[in-house]
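Open the model in your viewer and keep the selection tool at hand. The tour moves from stop to stop.

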Amino acid sequence: MGLTYQSTGTAAFREEAFNFSADDKQPVIALAGNPNTGKSTLFNLLTGLRQHTGNWPGKTVLQSKGSFIHQGIKYTVVDLPGTYSLLANSIEEQVARDFICFAKPDVTVVVVDATCLERNLNFVLQVMEITNKVVVCVNLIDEARRKKIQVHTDKLRKMLGVPVASTAANIGEGIPKLLDLVSKVVFDKLKPKPVQIKYDKEIEEAVSKLEPKVIEALGSELNSRWVALRLLEGDTTLIQSLENYYGKQHLQTLQEVLA
Amino acid sequence: MCPTLNNIPVGCNALVKKINASGIKKRRLLDLGLVPGTKVEAVGRSPLGDPTAYNIRGAVIALRNEEASMVQVSKLGN
Ligand SMILES: Nc1nc2c(ncn2[C@@H]2O[C@H](COP(=O)(O)OP(=O)(O)OP(=O)(O)O)[C@@H](O)[C@H]2O)c(=O)[nH]1
Ligand SMILES: [Mg+2]
């Protein structure tokens, strides 16, 4: 592919690398999360008949894309495959990771299951390591109520540093509040400040050595801290994706450092 | 020697002690929720004995024996 994000702009990049059409220039919302948390239910509710499906470029994984209008503004929404992590262990994880990382949605809505929050929050943290533009949607809140589980969304918001809304997507509960938060983040009226995970001293030292090299090689388009962490972890799939989306020449500096 | 997750009979619980793996393999198991201290139940085994389905922190996830054998556990009974 070898086209550079910097020179073509976000919309054109999405068009070329992620099968977006030219009229998808409106804000892009990604729905991400663990399997079975209600992403597709939310997607269907938002988009109704305004959706189309195909495959992700070069992948056998289904791509569902649609649009909706909120307060006079049209949004594109993408339903990502459900995964437990974003480490590209599988094609689904790679699709989700690459979309969040390279297509840079204007907001990534992380849909979590209110009845087992603890298992979902690991994924939330992984998304928050890549992007600040995160809204957490605590879905299946009706199920939680039924099971007498109370979710303190306000505490969660403070702990995570990102907006939180609770919903029951199957009956449309909580959707106006969710869309309100999403649009505020899109238009920078609300600036999420996700908590940063501090790693062991050893790792943090390595990150601070590597990060400037990452910035040198890739500019500030990607979250350099996150890229540095993945490189330290030996994540070869990210290097491959970087090559695909950014072209080989940009990676030369980086590879020299890693050698 | 401590048992590993693949040795847990269907219907029984176990407590995760340690992941005997490193790098991406270890990270993957951690991401599935297999953090030390986590209670796991074996909920079903395929007819051929592999893979096995486990309830891990509220989600049922199938693991191959090869993966489950990297998870050191202590038995909790049923
Ligand atoms: N009670 C209740 N059920 C819901 C809610 N949202 C979704 N569901 C149901 O949960 C199930 C899974 O929903 P999906 O929308 O397919 O979940 P998903 O996140 O797209 O799943 P994957 O694509 O496999 O990751 C379906 O049976 C939905 O009807 C909710 O808020 N409350
Ligand atoms: Mg789905």
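What follows is a list of stops, with what to select at each.

**Before you start**

This is a predicted model: local features need pLDDT of at least 70, side-chain atom pairs count only at pLDDT 80 or more, and totals for chains, interfaces and linings use all residues. Residues are numbered from 1 along each chain as its sequence is written, chains are lettered from A and ligands numbered from 1 in the order in which they are written, and side-chain values use heavy atoms, with hydrogens and water left out.

**Stop 1: ligand 1**

Select ligand 1 and its shell. The shell has 16 residues, each with a heavy atom within 4 Å of the ligand. The closest are Lys39(A), Ser40(A), Thr41(A), Asp142(A) and Ala169(A).

Now show the polar contacts (pairs of N or O atoms within 3.5 Å; within protein, one must be able to donate a hydrogen and the other to accept it, and residues adjacent in sequence count only if both atoms are side-chain atoms).
- Thr41(A): an N or O atom of its side chain is 2.5 Å from an oxygen atom of ligand 1.
- Ala169(A): a polar backbone atom is 2.9 Å from an oxygen atom of ligand 1.
- Thr37(A): a polar backbone atom is 3.1 Å from an oxygen atom of ligand 1.

On its own, ligand 1 has 650 Å² of accessible area, and the protein covers 67% of that. Accessible areas come from the Shrake-Rupley method with a 1.4 Å probe; for residues, only the protein chains shown count as cover.

Colour by element next. Helices (H or I, at least four residues) and strands (E, at least two) are DSSP runs, numbered from the N terminus. Helix H2 (39-47) and helix H5 (141-146) of chain A each supply at least two residues of the shell. H2(A) has the largest share, three residues. By class, the shell holds four nonpolar, nine polar and three charged residues. Ala, Val, Leu, Ile, Met, Phe, Trp, Tyr, Cys and Pro count as nonpolar, Asp, Glu, Lys and Arg as charged, and the others, Gly among them, as polar.

**Stop 2: the largest pocket**

Rolling a probe the size of a water molecule over the atoms shows where empty space is left. The search runs on a 1 Å grid over the protein atoms alone: a cavity is a set of points where a 1.4 Å probe fits but cannot get out, a pocket is an open set with protein on both sides within 12 Å along at least five of seven lines, and lining residues have an atom within 4 Å of a point. Grid points are joined across faces, edges and corners, and a volume is the space filled by probe spheres set on the points.

The largest pocket has a volume of about 500 Å³. Select Tyr199(A), Arg230(A), Glu233(A), Arg27(B) and Leu30(B), the closest to its centre of the 22 lining residues. Which element gives the most to this lining? H4(A) does, with six residues. Helix H8 (201-218) and helix H9 (224-233) of chain A and helix H1 (23-31) of chain B are also among the elements that each supply at least two.

**Stop 3**

Select Glu129(A), Ile130(A), Thr131(A), Asn132(A) and Asn223(A), which lie nearest the centre of the second largest pocket. Its volume is about 340 Å³, and 21 residues line it. Helix H3 (91-103), H4 and H9 of chain A each give two or more.

**Stop 4**

Go to the largest cavity, with a volume of about 40 Å³. Its lining includes Gln126(A), Trp226(A) and Arg27(B). H4(A) gives the most, three residues.

The second largest cavity has a volume of about 30 Å³. Select Leu42(A), Phe68(A) and Leu178(A), among the residues that line it. Nine lining residues are nonpolar, with no polar and no charged ones.

**Stop 4: two backbone details**

Most residues other than glycine have a negative phi, and most peptide bonds are trans. Select Gln71(A): phi is near 50°, a positive value. Then select Asp50(B) and Pro51(B): the peptide bond from Asp50(B) to Pro51(B) is cis, with omega near 0°.
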